[in-house]
Amino acid sequence: MISELFTAFFYSVLSISVLLCYRAGKILNLSLASLLTLGAYLSAFNALFSLFFGALTGYFLHLTTRNLSVARSTVFSLGLAIAIEEVLRISFRTQYLLIPVQKASIFSETLLEPHIYSGLISIAFLIAFFSFLSTKRSAVLKVVEEDYEISELYGVRTERVRAIVLTVTSSLICLLGSLQHFGIVYPTIGWHFLIFAVILATIANLTPKPYLFCTFLALVIPWLTKLF
C-alpha cells in the first residue's frame, strides 16, 4: 500500500512537470523520458549528480528551443532524448546495468530505500507547488500559460519563466529517475514512465484545475487497476 502511494506521488510530479512544460514552456518535453534514464544511470555513482546534469539539460533545451514553435520544440526534445540515450549506450557499453538497491521496512511493508526517498521528495514538491499556486505570485504563471504576448505586455519576463520551468522540472525529474528504478537500468527505462504521465497530463489539461486533477488521477488510477 505504501509503495503504491509513493509511486502515485511520483507519477503526479511527473505529469505535473509535463503540464508545466507544455502550458508555461510551450513544449511537450519528451526529453523527460531520457532524463529519468540519465538519473537512473547516474545513481550508480551519486544520485545528487542528477540535479546538476538535469538542470544543465533543461536550460540547454530552453536556449535551443526558445524561438521555435511548439511542434518544432517538441521534435527537438525528442531528438535530445534520443541523443542522451545513445550517449548512455556508448558510455556504459552494456544493455543492462545492475545497481545494488537497499531495502527498508515501514509498517511491516518492505520497500526499496530509493523509492522511499522518491516518494518523500515528490510529496515535498507537491506541497511546495500547491502552496505556490495559492499565493498571488502564481498569477504570473497563469498569465504566461494563457498568452505569451499578453503577459509580455503586462511586463512579465516570459523567457525567464520558461527557463525556470524547464530547468527546475528537468532537474527534479532527473533526480527522481535516480531513485525510482528497481536496480535494473537500461537506455529506454524512462519511456514507460513518461507515456503514462503524458496520458494523465492530457486528460488533466481538459479540466479547469489541471494540476490538481493530475494529482487526483495519479492517486486514483493505481487503485482502480487493482479492481479489474
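The structure is a predicted model, in which local features need pLDDT of at least 70 and side-chain atom pairs count only at pLDDT 80 or more, while totals for chains, interfaces and linings use all residues. Residues are numbered from 1 along each chain as its sequence is written, and side-chain values use heavy atoms, with hydrogens and water left out.

The mean pLDDT (the predictor's confidence in each residue, from 0 to 100) is 89 for the chain, and 96% of the residues score at least 70. Helix α3 (residues 49-65) has the highest confidence, at 96, and helix α7 (residues 148-153) the lowest, at a mean of 72. Helices here are DSSP runs of H or I with at least four residues, numbered from the N terminus.

The aromatic rings come next. Rings of Phe, Tyr and Trp (its six-membered ring) pair if their centres lie within 6.5 Å; planes under 30 degrees apart count as stacked, over 60 as edge-to-face and the rest as tilted. The whole structure holds 13 aromatic pairs. One of them, Phe-60 with Phe-76, is tilted, at 6.4 Å centre to centre and 45 degrees between the planes. Because Phe-60 belongs to helix α3 and Phe-76 to helix α4 (residues 70-92), this pair ties together parts 16 residues apart in sequence. Phe-60 is partly exposed at 41%, and Phe-76 is partly exposed at 30%.

The planes of Phe-129 and Phe-130 stand at 70 degrees with ring centres 5.6 Å apart, so this pair is edge-to-face. Phe-129 is buried at 8% relative accessibility, whereas Phe-130 is partly exposed at 25%. Elsewhere, ring pairs join Phe-10, Tyr-11, Phe-193 and Phe-196 into a cluster.

How values were computed:
Helices (H or I, at least four residues) and strands (E, at least two) are DSSP runs, numbered from the N terminus. Buried means under 20% relative accessible area, exposed over 50%, partly exposed in between (1.4 Å probe, protein chains only).
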